[in-house]
Amino acid sequence: MTDQPKQDCEIAIVGAGAVGLAAALALAASGRKSVLFGAATAPRDGRTVALLDGSWRLLGELGLGKALERIAAPLEIMRLVDDTGSLFRQPPVEFKAAELGLSAFGWNIENAALVETLAARAAQEPAIRMVPRPVEEIEIGPEAVRLSGAGFEPMHAALVVGADGRNSRVRAAAGIETRDWTYPQVALTAILGHRREHGDASTEFHTRAGPCTLVPLPGRRSSLVWLLAPREADEIAALDDAGFARAVERQTHSIVGAMTVEGRRGRVPMGGLSVERFSADRTALIGEAAHVFPPIGAQGLNLGLRDVAALRDALIEAEDPGAEGPLARYDLSRQADVRLRTGAVDALNRTLLTDLLPADLLRGAGLLALSRFGPLRRLVMRQGLAGGTAAG
C-alpha cells in the first residue's frame, strides 16, 4: 500500500488578480484556509470595473467597504445612446437606480486600485498564505492536487481553484474543454479628465463598431472603453494624448466637455470564451478562467465575483472541499447564470456589428420599449443586477 500524497493546504488558488484575491477572502470569511499563488498586481492602463450592487455588498462583507468608498464613484444613472446612424434610431434611454430604491447601481473603480485594496486586506488575513510566484506544473490526483514552480516547495491541496485567466493552466490540467471566439474589434481604454460634471452617470454610445462608454470616476474624471475595428483602433491609438482626447470628445458628442488623458492608455483585442463545465476532479474555475466576453453591461468582473460567492456557498458544509459533491453543486449553480449573460452580451455586440435591417428594427424597438414603459425598464434593471453576490 502506497502512502497518499500529503495535503499541505486545504485550498490553493492560482491567480492573484481581483477574482482570486476575492475568493481567498470570501473563503477565509467562511472558515477556509487557502494558499494564493501569483503576483497581486494589475497594470495601470486605463481599465476600470463597475462593481454592481451585489458585488459591492460582497466586498463590503469582506471588510473592504470604507477603503473602496474613498476611491470609487457611484453609478446613479446608466444611459444608452443609439449612435449607429440607423433609420430606426431611438432617443437615449436612462436607467436610474432610484427607480429600484437604490442609491446607485454600483461603483466604478480603477482595476489596479481594486487589486491593491484586495491585496492589502488579504495580507492581513491569517487564513491566507500569499505566494507571489506563478504555478508552473499542476498534477491532479485522486486525493490531492500537486502544484510546483520556481521559488517555492511543491505543495499539495485538496482543491485547486483556477483564477488564472483566459489561458488558465488549471483549466488545461483539468482537461476542461473550451469554446473561444474573436470579434473584429479592439477596445481602447483610458482615464480622462473633463471640463463638465458627469453627474454620476455612465453613458454608453452604441456605434456600428461597438459600444463607446464613459463611466464616472471620483471628481471630474471618467474611464473610457471604446470598441473599434482594428484598423481604426490602430489609427486612434497612434494619436498623441491631446489628439486622442479630442477624438473621444467628438465620439461622445462633448457630453462632458473638453477632455485630457490621465495616465497610460490600453489596447485590448476583443474575444470571448466559454467552458463546458466549471469544475472537474479537485478543480474549480472562476473569473476569466471560466468565461470571457466583451466589456458590455458591466458583467465581466461582476460575473467572476458571483463565481466566488457560489463557490463559497458550495463549500460551506463540505468536509473535503475537493470532493465530487460540492464541486458538482458549484458547477450546477454557475451553468445557467454564466450562459445566459454570455449569450446576451454576445448577441448585443453582434447586433451592433451588423447593418441588417431586422437587427436595427429589433434594437430600435427594444430601446423604444425601454424608454416608454417603466415596468419593463425596471424589470431589465433588476435582471441586470440579478444573481447578486451577497447572501440573500
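A pocket is an open set of points on a 1 Å grid over the protein atoms alone, with protein on both sides within 12 Å along at least five of seven lines. A cavity is a set of points where a 1.4 Å probe fits but cannot get out. Lining residues have an atom within 4 Å of a point. Grid points are joined across faces, edges and corners, and a volume is the space filled by probe spheres set on the points.

This is a predicted model, in which local features need pLDDT of at least 70, side-chain atom pairs count only at pLDDT 80 or more, and totals for chains, interfaces and linings use all residues. Residues are numbered from 1 along each chain as its sequence is written, and side-chain values use heavy atoms, leaving out hydrogens and water.

## Overall build

The protein has 11 helices and 20 strands. These are DSSP runs, numbered from the N terminus: helices are H or I with at least four residues, strands are E with at least two.

Of the 392 residues, 56% count as buried. Buried means under 20% relative accessible area, with a 1.4 Å probe and protein chains only. The protein exposes about 17300 Å², and carbon and sulfur atoms supply 53% of that area. The areas come from the Shrake-Rupley method with a 1.4 Å probe. Contact means heavy atoms within 4.5 Å. Among contacts between residues at least 6 apart in sequence, 73% join residues at least 24 apart.

## Nonpolar cores

In soluble globular proteins, nonpolar side chains tend to be buried together. A nonpolar core here is a set of buried Ala, Val, Leu, Ile, Met, Phe, Trp, Tyr and Cys residues joined through side-chain atoms within 4.5 Å. The largest one has 76 residues. Those with the most contacts inside it are Ile13, Leu51, Leu59, Leu114, Leu147 and Ile286. Helix α1 (residues 18-29) gives the largest share of this core, 10 residues.

A second, separate core has 20 residues, including Leu192, Phe205, Cys212 and Met259. Gln251 touches Phe205 and Cys212, among others, not counting residues up to four places away in sequence. Gln251 lies in helix α7 (residues 241-251). Asp83 is another of the residues that Gln251 touches. The two are 168 residues apart in sequence, yet 9.3 Å apart in space, C-alpha to C-alpha.

## Pocket and cavity

The second largest pocket holds about 170 Å³ of space. Its lining includes Gly141, Pro142, Arg282 and Asp331. The largest share, four residues, comes from α9. By class, the lining has five nonpolar, three polar and four charged residues. Ala, Val, Leu, Ile, Met, Phe, Trp, Tyr, Cys and Pro count as nonpolar, Asp, Glu, Lys and Arg as charged, and the others, Gly among them, as polar.

Two cavities of 30 Å³ or more are found. Among the residues that line it are Pro43, Arg47, Glu110 and Ala112. That lining divides into two nonpolar, two polar and four charged residues.

## Two positive phi angles

Arg282, from the pocket lining, sits in the loop between β18 and β19 (283-285). Its phi is near 55°, a positive value in a residue other than glycine. Arg282 is buried, with a relative accessible area of 7%.

Asp200 also has a positive phi, about 55°, although it is not a glycine. Asp200 is in the loop between β12 (178-194) and β13 (201-207).

Conventions
Buried < 20%, exposed > 50% of the residue type's maximum accessible area, 1.4 Å probe, protein only.
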